[in-house]
Amino acid sequence: MKKEYAFYPGCSSQLRGSASNYLTSVNSMCETLDIKMTPIPDWNCCGASISYAGSGELARHVMNARNFALAETHLPGQDVVATCAACWLGAKETQEKLDASSQLLAETNEALKQAGLKYEAKAQVRHMVEVLIEDIGYESIAKPVVKPLEGVKFAGYVGCQTNRPFGIAGESFENPMYLDKMVETVGGEPLTKYEQKVSCCGGALAFSEPDKSQKQIKQIVESAYDHGADMIVTPCPLCQANVEIYQSEINRKHGTKLAMPVAYYSQLLAVAYGATPKQAGLDGHVIQPKKLQDIAIKVVPLKKA
Amino acid sequence: MSDYAGDFLREVEARVEEGEWVKMCMQCGVCAGSCPFGEHWEHSPQKIFMMIRAGKREEVLTSDSMWMCTSCYNCVVRCPRELPITQIMHGLATYAERLGLAPKMQPTRRFSLVFWNNCTKTGRVNELKLVMQVYFRNGFIAGLKEAWNMRRVGLGLLLAKRMNPFELFLPHRCKDQKGIQAMLKKAYEIEDRKRGFDS
């Protein structure tokens, strides 16, 4: 049976956005896994975690609740699924706060009324990774693999916001294993001893405090080199962007020669499922993920029994 | 704040998001040791909590430290009392901003305000405009210099089709921008009333 979700893609995934290739690969992956993602009509920004100084408390919740109300109206009964770590965190925080406080829910609805909307507090907010692990399962993730990612070593960089404060059920905050398991499931080699797995890349402060953030990023990339990684893999669009695009800046300032590709879990799955480089969003990288591109272009798909 | 008779802890409890948790801190210092930007701030969350209880209103609200939060939530998951430390830091920063006490030139303070204005204007973040607003925050010449320094990053993103030069003219946007503005206006009103900012 086709699984259906109310999709909350988020700002960075939009056409020519900084994570547009994430969305491309998610679409390809979901097609193979028979997952139907319907974008919430006219969805808006969650405010991310950085907007607090301007937003205050209620306005932030109202922004997220608007998306929930639209999902309830247009896609009733479907879980809201985010691919972005910050979207997921912001939306889930709002969902939990409004579930816990009838006063906050009433205030939110008083504001939503101005946009002709009402939130019934039915939303269930989930991350794409949760859908894969909990609704699809590792066994079914493995089934459509026609190009196992053999011989490719991945440093699984989980980062912060898909891991804390909510995290994925059954995983520890200090050493979550799901990303390594996912790599293994599609035939790659996870570097399970990679110690920067849950470090912070600086997040939004990569803009406002570039040197402090690049110090974090330098450690994240250098540790991947130390462990012999071919590339880093991550579930978070901001981690992906920060860790990939600032390597040239770090090189400029420190005379290093960092050139470590950073891919999304969804790109690994898409390539393993036989997607072309374009379908897997591999044309959207600043540092080319050569080993993945080679598999996508050259390797002949296995015949499935 | 005459209403709080010099009791800063009570003021924080009433007016800061998640401020009611501050008194639960047992001063163990795990938050201080867990922060990725620990070497860059003057006051750890642990210190800030103690300063609040000691009534050091001005020192807390003018501190640079809350603005160093990267929202990594390490402190939250490690706190033995399970306090929402990240959220309290954001709440204190927001409160300092509302009172006009936040350090004006603090780069993350400025970025936070720019981000919120950016994303609420059309309902969605305009990434190119966001970057321009950050680079040109200190004037045109400084902006050109910063943009020149960052040309490799920008060109890389452009070639990877992850930056849209037309976003300045044809931005991504929500259809119901009017509705979004109206609901936000109402939300600010309600919160001002609730936190006592309307009097």
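View 1. Chain A is assigned domain 1 (3-129) and domain 2 (147-298); the model is a predicted one. The C-alpha centres of domain 1 of chain A and domain 2 of chain A are 25 Å apart. Their contact draws 23 residues from domain 1 of chain A and 24 residues from domain 2 of chain A. On the side of domain 1 of chain A that touches domain 2 of chain A, the elements giving two or more residues are α1 and α4 of chain A. The largest share of that side, nine residues, is supplied by α1(A). By class, the residues of this side of domain 1 of chain A are 12 nonpolar, 10 polar and one charged.

**View 2. Helix α4 of chain A and its surroundings.** The 16 residues of helix α4 (residues 85-100) of chain A should span 22 Å at 1.5 Å a residue, and the end C-alpha atoms are 22 Å apart, in agreement. Because 12 of the 16 residues of α4(A) are buried, the helix is largely enclosed by the rest of the structure. Among the buried residues of α4(A) are A:C87, A:W88, A:L89, A:K92, A:E93 and A:L98. The cover over the buried residues of α4(A) includes β1 (3-8), α3, β3 (80-82), α5, β4 (125-127) and α11 (237-245) of chain A.

**View 3. The open four-stranded sheet of chain A.** The strands follow the order β6-β5-β7-β8 (chain A), with parallel pairing. At the edges stand β6 (189-190) and β8 (262-264) of chain A, each with a single partner strand, so one side of each has no neighbour in the sheet. Two bridges link β5 (residues 153-156) of chain A to β6(A) in the parallel sense, and A:K153 has A:E189 in β6(A) as its bridge partner. Between β5(A) and β7(A), which run parallel, there are three bridges; here A:A155 stands opposite A:I232 in β7(A). Three bridges also join the parallel strands β7(A) and β8(A), with A:V262 in β8(A) as the bridge partner of A:I232.

**View 4. Strand β7 of chain A and the helix across the sheet.** From β7(A), A:M231 and A:V233 point one way, whereas A:I232 and A:T234 point the other way, and all are buried. Helix α13 (residues 265-272) of chain A lies across β7 (231-234) and β8 of chain A and runs at about 75 degrees to β8(A).

**View 5. The contact between chains A and B.** Chain A contributes 54 residues to the contact and chain B contributes 53 residues. On the side of chain A that touches chain B, the elements giving two or more residues include α1 (20-32), α3 (58-74), α5 (102-112), α10 (210-226) and α12 (247-254) of chain A. This side of chain A has 22 nonpolar, 22 polar and 10 charged residues.

**View 6. Helix α7 of chain B.** In chain B, domain 1 (2-102) and domain 2 (107-192) are assigned, and their centres, taken over C-alpha atoms, are separated by 28 Å. Helix α7 (residues 107-122) of chain B, with 16 residues, reaches 24 Å from its first C-alpha to its last, close to the 22 Å expected at 1.5 Å a residue. Its buried residues include B:R109, B:F111, B:F115, B:W116 and B:C119. The buried residues of α7(B) are covered by elements including α2 and α9 of chain A, together with α6 (85-98), α8 (127-135) and α11 (177-194) of chain B. After α7(B) comes B:G123, with a positive phi near 95 degrees.

Definitions and conventions. Residues numbered from 1 in each chain as written. Chains lettered and ligands numbered in written order. Predicted model: local features only at pLDDT ≥ 70, side-chain atom pairs only at ≥ 80, totals over all residues. Contact = placed C-beta atoms within 7 Å. Nonpolar A, V, L, I, M, F, W, Y, C, P; charged D, E, K, R; others polar. Expected span 1.5 Å × (residues − 1). Buried ≥ 20, exposed ≤ 12 C-beta atoms within 10 Å, placed from the backbone. Domains from an automatic or database assignment. Pairing = 2+ DSSP bridges. Axes fitted to C-alpha atoms, helices over the stretch in contact; angles between N-to-C directions.
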